[in-house]
Amino acid sequence: MNKAISGFSKLSKEEKIQWIANQYFSTPIEAVALLKNYWNTDEKIQKLHDEFIENTITNFYIPLGVAPNFLINEKFSTIPMAIEESSVVAAAAKAAIFWSTRGGFKATVLNTEKIGQVHFIYKGDASKLNAFFSHIKSKFYDETESITTNMQKRGGGILDLILNDKTHLMPNYFQLHATFETKDSMGANFINSCLEQFAKTLKEEASHYNLFNEEEKDIEVVMSILSNYVPNCIVRAEVSCPLADLREKQIPNPEEFAQKFIQAVQIAEIEPYRAVTHNKGIMNGVDAVVLATGNDFRAVEAGIHAYASRNGQYSSLSHAKIENGVFSFWLEIPLALGTVGGLTSLHPLVKLSLEMLENPSARELMQFVAVAGLAQNFAALRSLTTTGIQEGHMKMHLNNIINQFEATDEERVSIQKYFKKNAISHSAVETYIISLRN
């Protein structure tokens, strides 16, 4: 293809598929068949999925698994996880079992404040802008009342609004910095609607403020948008037990294990190269639950990684210690989540996942997500500091390798039996399959 297509979004779904198949595939009929094979047989459900985004051509499947036996705040839960990585759900479930007999997980929401900003350019006397802001501050609340009424009934709304002078970073740059409580909604639409009204009020009031000269009256709003960095919307998840209680088959010497575990965490605290992979393991658990419950995992990722860098260097999100003979492991992460609005009321599997979690509030969902992240991190560090990460991971990955070679049921049994006692690698599996078939 060497030219753009005009009006693609106006084509029917069938026309889009035919165009793509003819443009990009050597076997168009097979490409079309594959795309249609992933359509839902229920036309109503398929139409729902088609309308989530523009230019939908099919559904892209990711497995939805469950990790049972999570004892969280003295109550057992089964956590839904949508993820394609082979060992994640197994590792989370294993960590859940481990801690279920050692007091379980404790989770606490520390704060739920969310943030939005109006970014604007003001060319003039900063002291006059401060006086102007103080003079009209109440109008920002008054003129967003139609937007905030329902949220206020649920206990949310605008918490505060301040003026930030950022001219030391960029000439003439100022912000209206607003904080919000959005209760069980993630709140993006609510926050952005408030911010856009703030911007209108700002420009309108400035245009006839008598103490401004003509240039000062001409405030330029650059953009009005929520922030996905929510350092005051924090949840803490933790586990702890006496050192002796860590003992199990893979941990014959609990004190030695705990010391090595803490060293592994400390390395992630001081070494960014390790911290990135360490935190990626946490996000394996976090993202899987966020995705399964219809929340925005890209926003969560961006906010959490910014939080990991808040002290000037990227560092571990989790921490560990031994104190008075007790081993403790915990994390604190920012999470802006919702259990109403968006996909939570539309996607059938999202609704199922939330029901599986017994229809949690946003605060409760924050706790589930943080616990899943901590469990995943514990499972990874336990493997790394004992048997090594690859043994368990490759056992889970074996099925994927077998499927790549389209092994028969008879071959599958033989392969799995052989690799119970032999090291697993892609080349080793390939060699063994060739020997079977020869």
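## Strands β4 and β7

V118 stands opposite S224 in β7, and strand β4 (residues 114–121) is joined to β7 by 7 bridges, the two running antiparallel. The model is predicted, with local features needing pLDDT of at least 70, side-chain atom pairs counting only at pLDDT 80 or more, and totals for chains, interfaces and linings using all residues. Residues are numbered from 1 along each chain as its sequence is written, and side-chain values use heavy atoms, with hydrogens and water left out.

## The sheet

An open sheet of 4 strands has the order β5-β6-β4-β7 with antiparallel pairing, where two strands pair if DSSP finds at least two bridges between them. Because β5 (157–165) and β7 (220–227) stand at the edges with a single partner strand each, one side of each is left without a neighbour in the sheet. Direction ignored, neighbouring strands of this sheet are turned by 15 degrees against each other on average.

Strands (E, at least two residues) and helices (H or I, at least four) are DSSP runs numbered from the N terminus. Helix α5 (residues 126–142) lies across β4, β5 and β6 (173–181), running at about 170 degrees to β5; angles run from 0 to 180 degrees between N-to-C directions, and axes are lines fitted to C-alpha atoms, for helices over the stretch in contact.

## Helices α1 and α2

Helix α1 (residues 13–24) packs with helix α2 (residues 28–37) at an angle of about 135 degrees, their axes 8 Å apart. The contact (heavy atoms within 4.5 Å) is made by E14, I17, Q18, A21 and N22 of α1 and by P28, A31, V32, L35 and K36 of α2.
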